[in-house]
Amino acid sequence: MESDIDTINSLEKRINELNKLVFGSNSNENVQPICPRLNAFAQLLSGTEKSKPVVKELFQKIPTIEPMLDPNFIDNLVISNNARFMLIQAEEERIRNAIETLKSIDKSKAILDSEHIKSSSSDIGKLQPIAMTVADQYEVSNELSMKVRSLVEEYNSIIKLISLQFIGWDEYLSK
C-alpha cells in the first residue's frame with residue numbers, strides 16, 4: 001500500500017514537471033493541466049480513426065510502408081549481394097592502397113606529433129611573406145615564359161620564311 005502511494009506521488013510530481021515544461025513555471029491557474037488535454041486529443045484522434053475508413057486503411061498500411069523508409073531498402077532492391085561482392089572486389093586494390101596509406105600515417109604519427117612540428121605554427125608569420133614572394137615570382141615567370149614562347153614562335157616563322165627564300169634562290173640559280 002505504501003509503495004502504491006509513493007508511485008502515485010512520483011507520477012503526480014512528474015506530471016507537474018511536465019506541466020511546468022509545457023506551460024512555464026509561472027503559468028496561469030486557468031490553464032487546463034496537460035493530461036486531460038492529451039487524453040481529449042487521443043480520444044478525438046481515435047474517434048476520427050474509427051469514423052473514417054480511409055484513415056483505417058492508412059493505419060493498416062503503416063507497417064508495410066515503414067521498411068520502405070529505411071535508406072538501405074533501395075540498395076537491397078537494386079544491388080544484389082553478388083553485385084556488392086563484385087564491387088568490393090573491383091575496388092580491392094584501391095582499398096588496400098588506402099589501408100597501406102593509413103598504416104604509414106599511423107606509423108608517422110609520432111613524427112607528426114613532435115614538438116618541432118607543433119612549434120612550427122609560430123613560424124607561419126615568417127613564412128607568409130616568403131610565400132607571397134614565391135607566388136609573385138611564379139606569376140612573373142609565367143608571363144616571361146609566355147613572352148619567350150611568342151618570341152620563339154616568331155623566330156621560327158622568320159627562319160622558315162628565310163629558309164623558303166633560300167630554297168627558292170637555290171632552285172632559281174640551279175636552273
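Trainee: Which residues form a nonpolar patch on the surface, and what accessible area do they have together?

Mentor: A patch is made of residues with over 30% relative accessible area and no salt bridge; nonpolar side chains (Val, Leu, Ile, Met, Phe, Trp, Tyr) are joined within 5 Å, and like charges within 9 Å. Accessible areas come from the Shrake-Rupley method with a 1.4 Å probe, and for residues only the protein chains shown count as cover. In this structure the patch consists of Tyr155, Ile158, Ile159, Ile162, Phe166 and Trp169, with about 620 Å² of accessible area together. The model is a predicted one, in which local features need pLDDT of at least 70 and side-chain atom pairs count only at pLDDT 80 or more, whereas totals for chains, interfaces and linings use all residues. Residues are numbered from 1 along each chain as its sequence is written, and side-chain values use heavy atoms, with hydrogens and water left out.

Trainee: Where is Ile158 placed, and how does its accessibility count?

Mentor: Helices (H or I, at least four residues) and strands (E, at least two) are DSSP runs, numbered from the N terminus. Ile158 belongs to helix 9 (residues 124-174). Buried means under 20% relative accessible area, exposed over 50%, and partly exposed in between (1.4 Å probe, protein chains only). Ile158 has 43% relative accessibility and therefore counts as partly exposed.

Trainee: How many aromatic pairs does a search of the whole structure find?

Mentor: Rings of Phe, Tyr and Trp (its six-membered ring) pair if their centres lie within 6.5 Å; planes under 30 degrees apart count as stacked, over 60 as edge-to-face and the rest as tilted. The search finds one pair. Its rings, those of Phe166 and Trp169, have centres 5.7 Å apart and planes at 70°, so the pair is edge-to-face. Both residues lie in helix 9, three residues apart, about one turn of the helix. Trp169 is partly exposed, at 47% relative accessibility.

Trainee: How many salt bridges does the count come to?

Mentor: Side chains of opposite charge can pair when their charged atoms come close. The rule requires a side-chain nitrogen of Lys or Arg within 4 Å of a carboxyl oxygen of Asp or Glu, and the count is two. One joins Arg94 to Glu91, with the closest N and O atoms 2.6 Å apart; Arg94 is exposed at 56%, while Glu91 is partly exposed at 34%. Another joins Glu92 to Arg96, with the closest N and O atoms 2.6 Å apart. Glu92 and Arg96 are four residues apart in helix 6 (residues 92-107), about one helical turn.

Trainee: How many helices and strands are there in the protein chain?

Mentor: The chain has nine helices and zero strands. Of its 175 residues, 2% count as buried.
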